[in-house]
Amino acid sequence: TKLFLESQGESTNITKAEFQRILTDSESARAIHDLGVDVVGLLDSVDFIFQDSTSPGEIAESITFGSFMEAVLLLRGTNQATVKNIVD
């Protein structure tokens, strides 16, 4: 998983299965946890994170690596929820 993460660029897509694999890998999960992110909460939010922005109610097959990182950073425990977070 570390090699996967190191090789990804902003435009590379991550499937839902890859997302779950990253979060269940102990080394990746520890690194994400060290950022202050609730890894279990992130796993529980997978369907929300993969919502298709072009087809409401549909689940996207993949998201960009940038979207993955944005989801991780938005779900840090130090972030306070804003109206934008709730609306988005």
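Rings of Phe, Tyr and Trp (its six-membered ring) pair if their centres lie within 6.5 Å; planes under 30 degrees apart count as stacked, over 60 as edge-to-face and the rest as tilted. Keep that rule at hand for the second exercise.

The model is predicted, and local features need pLDDT of at least 70, side-chain atom pairs count only at pLDDT 80 or more, while totals for chains, interfaces and linings use all residues. Residues are numbered from 1 along each chain as its sequence is written, and side-chain values use heavy atoms, with hydrogens and water left out.

**Exercise 1. Get your bearings: how many helices and strands are in the protein chain, and in what order do the elements run?**

Step 1. Start with what counts: helices (H or I, at least four residues) and strands (E, at least two) are DSSP runs, numbered from the N terminus.

Step 2. The protein chain holds seven helices and two strands.

Step 3. Read from the N terminus on, their order is α-β-α-α-α-α-β-α-α.

Step 4. Now look at burial, where buried means under 20% relative accessible area, exposed over 50%, and partly exposed in between (1.4 Å probe, protein chains only). Of the 88 residues in the protein chain, 24% are buried.

Step 5. Contact means heavy atoms within 4.5 Å. Take the contacts between residues at least 6 apart in sequence: 57% of them join residues at least 24 apart.

**Exercise 2. Find the aromatic pairs: how many are there in the whole structure, and which residues do ring pairs link into a cluster?**

Step 1. Searching the whole structure gives three aromatic pairs.

Step 2. One of them is F19 with F50, an edge-to-face pair with 5.4 Å centre to centre and 80° between the planes.

Step 3. This pair links distant parts of the chain, since F19 sits in helix α2 and F50 in the loop between α5 and β2 (62-64), 31 residues apart.

Step 4. F19 counts as buried because its relative accessibility is 0%. F50 is buried too, at 0% relative accessibility.

Step 5. Ring pairs join F19, F50, F65 and F68 into a cluster.

**Exercise 3. Locate the salt bridge: which side chains meet in it?**

Step 1. The rule asks for a side-chain nitrogen of Lys or Arg within 4 Å of a carboxyl oxygen of Asp or Glu.

Step 2. A search of the whole structure turns up one salt bridge.

Step 3. Its partners are D47 and K16, whose side chains meet at 2.4 Å, N to O. The pair links distant parts of the chain, with D47 in helix α5 (residues 46-49) and K16 in helix α2 (residues 16-24), 31 residues apart.

Step 4. Compare the C-alpha atoms: those of D47 and K16 are 8.5 Å apart in space.

Step 5. D47 is partly exposed, with a relative accessible area of 38%, and K16 is partly exposed, at 25%.

Step 6. Setting aside neighbours within four places in sequence, D47 is in contact with K16 and I59.

**Exercise 4. Follow T15 and E61: where are they found, and what are they in contact with?**

Step 1. T15 belongs to strand β1 (residues 13-15), and its 32% relative accessibility makes it partly exposed.

Step 2. Beyond neighbours within four places in sequence, T15 is in contact with F50, E61 and S62. From T15 to S62 is 47 residues in sequence and 4.1 Å in space, C-alpha to C-alpha.

Step 3. E61 lies in the loop between α5 and β2 and counts as exposed, at 71% relative accessibility.

Step 4. With neighbours within four places again left aside, E61 is in contact with I14, T15, K16 and F50. Describe the packing of α2 and α3: at what angle do they pack, and which residues make the contact?

Step 1. Two packed helices are described by the angle between their axes and the distance between the axes. Axes are lines fitted to C-alpha atoms, for helices over the stretch in contact, and angles run from 0 to 180 degrees between N-to-C directions.

Step 2. α2 and helix α3 (residues 26-34) pack at about 80°, their axes 5 Å apart.

Step 3. That makes α2 roughly perpendicular to α3 (angles under 35 degrees count as roughly parallel, over 145 as roughly antiparallel, 65 to 115 as roughly perpendicular and the rest as oblique).

Step 4. I22, L23 and T24 of α2 make the contact with S26, S28, A29 and I32 of α3.
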